[in-house]
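Subject: Handover of a structure with pockets and ligands

Hello,

Here is the structure for your set.

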Amino acid sequence: MPSLMYLLNLVWTTTASMTYARDYHTASVLANGTVLVVGGYNINSTSLSSAELYSPSTNTWITIANMTYARAFHTASVLANGNVLVVGGYNINRSSLSSAELYNPSTNTWTTTASMTYARAYHTASVLANGTVLVVGGYNTSTSLSSAELYNPSTGTWTTAASMTYARRIHTASVFADGTVFVVGGFSTSSIVSSAELYNPSTNTWTTKASMTYPRRSQTAAVLVNGNVLVVGGFNMNSSSLSSAELYNPSTNTWITIASMTYTRTFHTASVLANGKVLVVGGYSNGNVVGSVELYDPSTNTWTTTASMAYPRDYHTASVLTNGTILVIGGYNIGPLNSAELY
Ligand SMILES: *[C@@H]1O[C@H](CO)[C@@H](O)[C@H](O)[C@H]1NC(C)=O
Ligand SMILES: *[C@@H]1O[C@H](CO)[C@@H](O)[C@H](O)[C@H]1NC(C)=O
Ligand SMILES: *[C@@H]1O[C@H](CO)[C@@H](O)[C@H](O)[C@H]1NC(C)=O
Ligand SMILES: *[C@@H]1O[C@H](CO)[C@@H](O)[C@H](O)[C@H]1NC(C)=O
Ligand SMILES: *[C@@H]1O[C@H](CO)[C@@H](O)[C@H](O)[C@H]1NC(C)=O
Ligand SMILES: *[C@@H]1O[C@H](CO)[C@@H](O)[C@H](O)[C@H]1NC(C)=O
Ligand SMILES: *[C@@H]1O[C@H](CO)[C@@H](O)[C@H](O)[C@H]1NC(C)=O
Ligand SMILES: *[C@@H]1O[C@H](CO)[C@@H](O)[C@H](O)[C@H]1NC(C)=O
């Protein structure tokens with residue numbers, strides 16, 4: 001029988017730390033399995049332009065060229081050609097950016113590409129089936145946005161897409177197997193919303209779908225292997241973290257409330273594992289930053305608490321590596337963190 005220490009070691013391992021502590025950054029798994037971390041806030045809540053690469057085979061970080069623009073609350077999307085498109089976010093003065101830049105892994109360089117029509121942070125970016133990137137909603141420093149824009153990687157240009165019915169930021173966007181994009185919750189112009197809308201790329205239209213039971217923002221949404229969407233946690237209208245979980249079935253356009261997590265959480269992560277379970281990690285839990293971790297099993301519709309991380313954190317990222325390991329990077333606990341842990 002394996003010892004307890006052996007079991008614990010199997011769960012979380014602390015790996016090398018980044019050079020720059022950061023939260024509100026992005027992490028992207030490149031085609032060769034390396035992880036690209038860009039931007040975020042430093043200890044002075046100043047946006048960073050720095051970028052670092054994690055090599056899973058050597059468990060090491062290297063600092064690479066800086067982006068042209070410092071940014072936090074941006075998005076980063078891995079394109080079909082292997083480049084990474086970094087879009088929008090907050091600059092060092094907390095003004096939303098319209099600028100976009102491309103990281104090319106083969107030359108290890110950044111190139112500025114066309115800017116969006118609208119500056120935005122706290123938006124989402126989804127890679128569509130044909131390689132186009134759909135950027136939705138966000139915050140332009142004065143209000144939430146309903147607008148959406150499409151980036152064409154082959155021409156390097158943006159076109160305006162149809163706008164959503166509801167303006168929103170800090171929402172989620174999930175790409176379904178049929179190519180449609182499902183947008184849920186977030187903060188609208190004056191309140192937290194439960195509404196959901198579906199973007200159809202072939203008709204460039206939005207359709208309003210059934211609303212969640214609980215309005216929420218800064219939640220997570222994970223597309224399960226069976227195509228349903230698991231939405232968990234987030235803040236309610238009173239900025240109280242939620243433990244509630246809801247499942248959306250796209251074929252019936254219905255939500256069901258399922259068992260709640262043990263912990264309330266906001267600014268957590270949710271990752272679909274190779275075995276179909278969903279790993280929910282860390283977050284802000286009504287006054288505390290937590291290291292606790294829970295697993296959702298779709299086959300039994302139950303939650304199980306698993307081993308906690310070494311470092312409690314929120315505003316971190318969680319990347320599914322090529323071999324199925326989860327790499328949790330940075331985030332916040334009193335200040336920004338440079339630590340990284342493997343599950
Ligand atoms: C944060 O600000 C303090 C005071 O201005 C400065 O000394 C420190 O170097 C800054 N830290 C970083 C990481 O920029
Ligand atoms: C997967 O990759 C991580 C990062 O390199 C490594 O620590 C881990 O041991 C690997 N797991 C397996 C099962 O190979
Ligand atoms: C990136 O920018 C930071 C802050 O301006 C600077 O300290 C650092 O040297 C730059 N890194 C590279 C690789 O140029
Ligand atoms: C930030 O604001 C300062 C003071 O207004 C200005 O000089 C600087 O250019 C701004 N930086 C950016 C990146 O907008
Ligand atoms: C993977 O790609 C990155 C970025 O181009 C590069 O720095 C790294 O050396 C590559 N790793 C391997 C194992 O090829
Ligand atoms: C933000 O968007 C609103 C609605 O489109 C617009 O009225 C406002 O001028 C924009 N503000 C900024 C700072 O871009
Ligand atoms: C890809 O899909 C988007 C959204 O439907 C569309 O606007 C664009 O024209 C398509 N691009 C190509 C190259 O087919
Ligand atoms: C938010 O707070 C108000 C005032 O305390 C309370 O009446 C309301 O029920 C709370 N709403 C939620 C969703 O907790």
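The largest pocket comes to about 1,800 Å³. Pockets were found on a 1 Å grid over the protein atoms alone, as open sets of points with protein on both sides within 12 Å along at least five of seven lines; a cavity would instead be a set where a 1.4 Å probe fits but cannot get out. Points are joined across faces, edges and corners, and a volume is the space filled by probe spheres set on them.

This is a predicted model: local features need pLDDT of at least 70 and side-chain atom pairs count only at pLDDT 80 or more, while totals for chains, interfaces and linings use all residues. Residues are numbered from 1 along each chain as its sequence is written, chains are lettered from A and ligands numbered from 1 in the order written, and side-chain values use heavy atoms, without hydrogens and water.

The largest pocket is lined by 43 residues (an atom within 4 Å of a point), and Thr75, Thr124, Thr172, Ala173 and Thr220 are the closest to its centre. Strands (DSSP runs of E, at least two residues, numbered from the N terminus) that give two or more residues to this lining include β2 (26–29), β14 (172–175) and β26 (317–320). By class, the lining has 21 nonpolar, 21 polar and 1 charged. Here Ala, Val, Leu, Ile, Met, Phe, Trp, Tyr, Cys and Pro count as nonpolar, Asp, Glu, Lys and Arg as charged, and the others, Gly among them, as polar.

The second largest pocket has a volume of about 180 Å³. Of its 18 lining residues, Asp23, Tyr24, Tyr41, Ser45 and Tyr332 are the closest to the centre. That lining divides into 12 nonpolar, 3 polar and 3 charged.

Around ligand 5 (a heavy atom within 4 Å) are Asn32, Thr34, Leu53, Tyr103 and Pro105. Polar contacts are pairs of N or O atoms within 3.5 Å. An oxygen atom of ligand 5 lies 2.3 Å from a polar side-chain atom of Asn32, and a backbone N or O atom of Pro105 lies 2.5 Å from an oxygen atom of ligand 5. Alone, ligand 5 exposes 360 Å², of which the protein buries 51% (Shrake-Rupley, 1.4 Å probe).

Ligand 2 has Pro56, Asn59, Leu321, Asn323, Thr325 and Leu342 around it. A backbone N or O atom of Pro56 is 2.3 Å from an oxygen atom of ligand 2; for the side chain of Asn323, the distance from an N or O atom to a ligand 2 oxygen is 2.4 Å.

Regards

Conventions
A polar contact is a pair of N or O atoms within 3.5 Å; within protein, one must be able to donate a hydrogen and the other to accept it, and residues adjacent in sequence count only if both atoms are side-chain atoms. Helices (H or I, at least four residues) and strands (E, at least two) are DSSP runs, numbered from the N terminus.
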